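Please open the model in your viewer and keep the sequence beside it, so that each selection can be followed in both places.

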Amino acid sequence: SGGGGEARFVPHPRGAARMTGFYIDDKVAGRERYSASYEQTQEFRNGFRLVADVNVVSDFDYFTDFERELNLVSSPSIVARVEMSRNGRWTSLNARELRREQLFSDGTSLIQQTLPELEWRGRSRKLGPTPLYLSYEASLARIQQNGIQQGHPIDADYLRGDVFPTLTLPWSPRPWLDVAPRVAYRAT
């Protein structure tokens, strides 16, 4: 026996959300099995945008036994993502939390998550009266991995920072020829 449902609602005039869930009391497998998801997009007045996609599944075999979407059956992983972003005239700011659980047929799993990841990007912009243009990417994240992979336990917790500025000198000696030499530096 089992059942499922879907609910769609508007939490705010500038947003939409959807929840789905399925529950099965699987007499053949001898266990309760389920799948649930929550999706939401929301625009805020201060320019931020929220995207949420959170999924929960009871076991590895749930996908192969009950799922009809080929991309879920062929790569059994459970993804939960919540992201806030804001785009300005020259810069973008992203804050995200991501949790990915890769399921294996032997009942083990590998979990990787970022708690949180902050990313700041700057689009190409001219540096004052010079002919140079600057663009950049910078990020900071706390990353955790744990589980068992190929029989070996994994337990890692670390911070990662990344800076990637780029200077460009565009030059058009002819109307049909554009040359843009770049100098970039990346530190992680």
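Strands here are runs that DSSP assigns as E over at least two residues, numbered from the N terminus, and two of them count as paired if DSSP finds at least two bridges between them. Keep in mind during the tour that this is a predicted model.

Begin by selecting residues 31-43, which form strand S3, together with residues 15-26, which form strand S2; these strands pair in the antiparallel sense over 12 bridges. To see one of the contacts, select Ala17, whose bridge partner in S3 is Gln40. Then move to the hairpin of S2 and S3, where 4 residues lie between the strands and Gly30 takes a positive phi near 75°.

The hairpin of S3 and S4 has 4 residues between the strands, and in it Gly47 takes a positive phi near 95°.

Now turn to the side chains, where the structure holds 1 aromatic pair. Select Trp120 and Tyr136: their ring centres are 5.0 Å apart and their planes stand at 65°, so the pair is edge-to-face, since planes over 60 degrees apart count that way. Trp120 belongs to strand S7 (residues 109-126) and Tyr136 to strand S8 (residues 133-149), so the pair ties together parts that are 16 residues apart in sequence. Trp120 is partly exposed at 45% relative accessibility, and Tyr136 is partly exposed as well, with a relative accessible area of 21%.

Finally, select Phe164 and Arg186, and you will find the charged end of Arg186 over the ring of Phe164, 4.2 Å from the ring's centre.

Notes: Residues are numbered from 1 along each chain as its sequence is written. This is a predicted model: local features need pLDDT of at least 70, side-chain atom pairs count only at pLDDT 80 or more; totals for chains, interfaces and linings use all residues. Side-chain values use heavy atoms; hydrogens and water are left out. Rings of Phe, Tyr and Trp (its six-membered ring) pair if their centres lie within 6.5 Å; planes under 30 degrees apart count as stacked, over 60 as edge-to-face and the rest as tilted. Buried means under 20% relative accessible area, exposed over 50%, partly exposed in between (1.4 Å probe, protein chains only). A charge sits over a ring if NZ of Lys or CZ of Arg is within 6 Å of the ring centre and within 35 degrees of the ring normal.
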